[in-house]
Amino acid sequence: MGRGLCCLMVLLCCRDAGAWGRRAHEDVNRLTVEHLSPAAAAVFGPLKDALVAQAMEPDDRVRLNRAERHRHFLDLEALGLPPPDVTKPAPRPETATAVLQALAARSLDATVQRDVVSTGSLIGAVDETFHALVAALRARHTPDITRFAVDLLHYVADAHQPLHATLHYDGLFPAQNGVHRAFEEDLINRCPDSHPRMPTKRATALELPILAAAALLESHALASTVLAVDLGCPGVCRKVPAQRASGGTMACGSLQQLARTRLELAAARAVFLLERAVRQAAPP
Ligand SMILES: [Zn+2]
């Protein structure tokens with residue numbers, strides 16, 4: 001088997017849904033509900049315990065429904081971005097509205113040639129779930145409000161995980177496999193400074209679907225930092241090491257701050273979306 005085919009199979013075979021671990025998702029959901037405006041808090045406040053307890057349900061559902069799996073990530077390489085390059089400083093993510101709109105439109109365009117199952121549909125998942133939540137709020141159907149709010153917060157948090165935005169979600173080469181779980185779960189469980197404290201203040205309010213596109217573009221730019229630090233490089237590798245550093249256990253170091261920043265931004269955007277959903281569902 002040629003090396004290219006072998007590596008492709010390693011990358012495409014057996015991708016699990018992945019997500020921040022339970023701790024991170026629960027933190028995002030709790031912080032989100034605790035920082036809502038009064039109108040949104042009146043709706044979601046009473047559901048807080050359920051929203052926290054069910055934070056991992058979208059991942060649990062993957063075991064029963066394979067079609068759920070690709071809703072948790074989006075490989076931006078499939079939409080034209082270059083793969084992460086650990087030999088260069090992390091690129092500045094594009095923030096221009098026109099760029100975000102074009103990326104979102106491309107990800108939602110069924111005529112664009114790409115395999116959604118293997119390259120992901122996270123922007124579409126966030127967008128659809130938001131509209132389902134608005135419909136549930138209009139119908140005042142509490143089980144659906146809970147379910148779609150859980151899903152929305154989960155997908156928004158996933159869009160802020162750097163490794164959910166790249167084809168190289170579990171390393172640049174097979175010897176780096178394991179980096180995904182090491183970052184999103186093990187690091188968060190071990191490193192207290194990775195825990196979000198409050199939603200980012202003054203996060204730019206963006207509408208869907210460009211909010212999800214912005215989160216994923218930022219994530220994609222940060223993926224090279226996560227992959228480089230895992231290889232023992234201080235952000236940029238002069239030469240790419242053949243093995244992961246520290247036997248595969250990430251040092252808390254700078255990645256704690258990176259994880260916390262992403263989770264706090266996810267919570268800020270989740271606050272915005274829940275408040276927006278309540279406003280949109282209100283009678284004119
Ligand atoms: Zn997930």
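## Ground rules

The model is predicted, so local features need pLDDT of at least 70 and side-chain atom pairs count only at pLDDT 80 or more, while totals for chains, interfaces and linings use all residues. Residue numbers start from 1 along each chain as its sequence is written.

## The whole chain

There are twelve helices and zero strands here. Helices (H or I, at least four residues) and strands (E, at least two) are DSSP runs, numbered from the N terminus.

For 284 residues, a compact globule would have a radius of gyration near 19 Å, and the chain agrees with 18 Å. That radius is taken over C-alpha atoms, and the globule rule is 2.2 Å times the number of residues to the power 0.38. Along the principal axes, the C-alpha atoms fill a box of roughly 60 × 45 × 40 Å. Buried residues account for 46% of the 284; buried stands for 20 or more other C-beta atoms within 10 Å of a residue's own, exposed for 12 or fewer, and partly exposed for in between, with C-beta atoms placed from the backbone. Of the contacts with a separation of 6 or more, 82% join residues 24 or more positions apart. A contact needs two C-beta atoms, placed from the backbone, to lie within 7 Å.

## Helix H6 and its buried side

H6 covers residues 97–108, and its twelve residues reach 16 Å from first C-alpha to last, close to the expected 16 Å. The expected span is 1.5 Å times one less than the number of residues. Leu100, Leu103, Ala104 and Ser107 are buried in H6. They sit on the same side of the helix because they cover an arc of only 95 degrees around the axis, the arc being that of the directions from the helix axis to the C-beta atoms. What do the buried residues of H6 pack against? Helix H8 (122–139) and helix H11 (210–230).

## Helix H8

H8 has 18 residues and reaches 26 Å, close to the 26 Å expected. Its buried residues include Leu122, Asp127, Phe130 and Leu137. The buried residues of H8 pack against helix H3 (38–44), H6, helix H9 (142–159), H11 and helix H12 (253–281). Just after H8, arginine 140 takes a positive phi of about 55 degrees.

## Leucine 227 in H11

Leucine 227 belongs to helix H11 and counts as buried because it has 28 C-beta neighbours inside 10 Å. Leaving out residues up to four places away in sequence, leucine 227 touches Pro84, Val86, His168, Gly171, Leu172, Gln176 and Val179. Phenylalanine 183 is 44 residues apart from leucine 227 along the chain, with 9.4 Å separating their C-alpha atoms.
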